[in-house]
Amino acid sequence: MKKTDAKNNTVTKKTTIIVIVFIVVIVGIVCLYAYLSTKQRNAMADAALSKVQLTLSRDLEKDYPPTVKQVLTYFSELQRCLYNEDCTDEEIEQLGIQTRLLYDKELLDNNEVTAYLMRLKEEVGAFREAGSRIYRISIPASNNVDTFKQDGYEFARLKCAYYITEKGRTVSQDVIYLLRRDENRQWKIYGWDRAQNVNMGMESQEGGQSGAE
């Protein structure tokens, strides 16, 4: 009888150990799954956030775009962040301030910073409420840049194509940008307008607007 009891106790202990190990394994799997799921969600959130922060991280004092195409390429990256990403008001202001570093002095003088940022927030809000999104911005190669001199300044002109989705359809719009070289030999955005409003025979243009149209 004692041998049988001892045998039963041994079996019971082994069964208990197996059950405990099984529970530990299950708990470990659940915890690992929860950890990986949380990590993936955080990574996705960081990726969405870093798109804006990465664009803002460029130090234009040390790393200013050297060509007309590269200035407009970076300008388009800022616009995509403004109009496509779910930015906070603070991020919109940061993107707006960064964008102004690409502007010519005359364009800055015509767009006082406080009024500019207020107008930018309104434009971004209206763009979102309309359900619009910048699908693509096509910037031609550098050999398509039209350069000329006027009033002692060097100017450059380049036509870019905007593709914007709105109400389930994609519309295209050509925009002509005018840039002027400053005293540091940096190309600054002097203005822009829709292509149909620009007379390419005219070698002058007024300072442009403040947002993507």
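Me: Is phenylalanine 155 buried or exposed?
Reply: In this predicted model, phenylalanine 155 has a relative accessible area of 7%. Buried means under 20%, so phenylalanine 155 counts as buried.

Me: What kind of aromatic pair do tyrosine 153 and phenylalanine 155 form?
Reply: The two ring centres lie 6.5 Å apart, and the angle between the planes is 70°. Planes over 60 degrees apart count as edge-to-face. The pair of tyrosine 153 and phenylalanine 155 is therefore edge-to-face.

Me: Which residue has its charged end over the ring of tyrosine 153?
Reply: Tyrosine 153 is partly exposed, at 38% relative accessibility. Over its ring, 4.1 Å from the centre, sits the charged end of arginine 180.

Me: How many residues apart in sequence are the parts that phenylalanine 75 and tyrosine 103 tie together?
Reply: The rings of phenylalanine 75 and tyrosine 103 form a tilted pair, with centres 6.4 Å apart and planes at 55°. Phenylalanine 75 belongs to helix 2 (residues 68-84), whereas tyrosine 103 lies in the loop between helix 3 (89-100) and helix 4 (105-109). The pair therefore ties together parts whose separation in sequence is 28 residues.

Me: Which residues do ring pairs link into a cluster with Phe75?
Reply: The structure holds 10 aromatic pairs. Ring pairs link Phe75 into a cluster with Tyr103, Tyr116, Tyr177 and Trp192.

Me: Over which residues is the pLDDT below 50?
Reply: The protein chain averages a pLDDT of 83, and 71% of the residues score at least 70. Where pLDDT is low, the predicted coordinates should not be read in detail. The pLDDT is below 50 over residues 204-213.

Note on methods:
Residues are numbered from 1 along each chain as its sequence is written. This is a predicted model: local features need pLDDT of at least 70, side-chain atom pairs count only at pLDDT 80 or more; totals for chains, interfaces and linings use all residues. Side-chain values use heavy atoms; hydrogens and water are left out. pLDDT is the predictor's confidence in each residue, from 0 to 100. Contact means heavy atoms within 4.5 Å. Rings of Phe, Tyr and Trp (its six-membered ring) pair if their centres lie within 6.5 Å; planes under 30 degrees apart count as stacked, over 60 as edge-to-face and the rest as tilted. Helices (H or I, at least four residues) and strands (E, at least two) are DSSP runs, numbered from the N terminus. Buried means under 20% relative accessible area, exposed over 50%, partly exposed in between (1.4 Å probe, protein chains only). A charge sits over a ring if NZ of Lys or CZ of Arg is within 6 Å of the ring centre and within 35 degrees of the ring normal.
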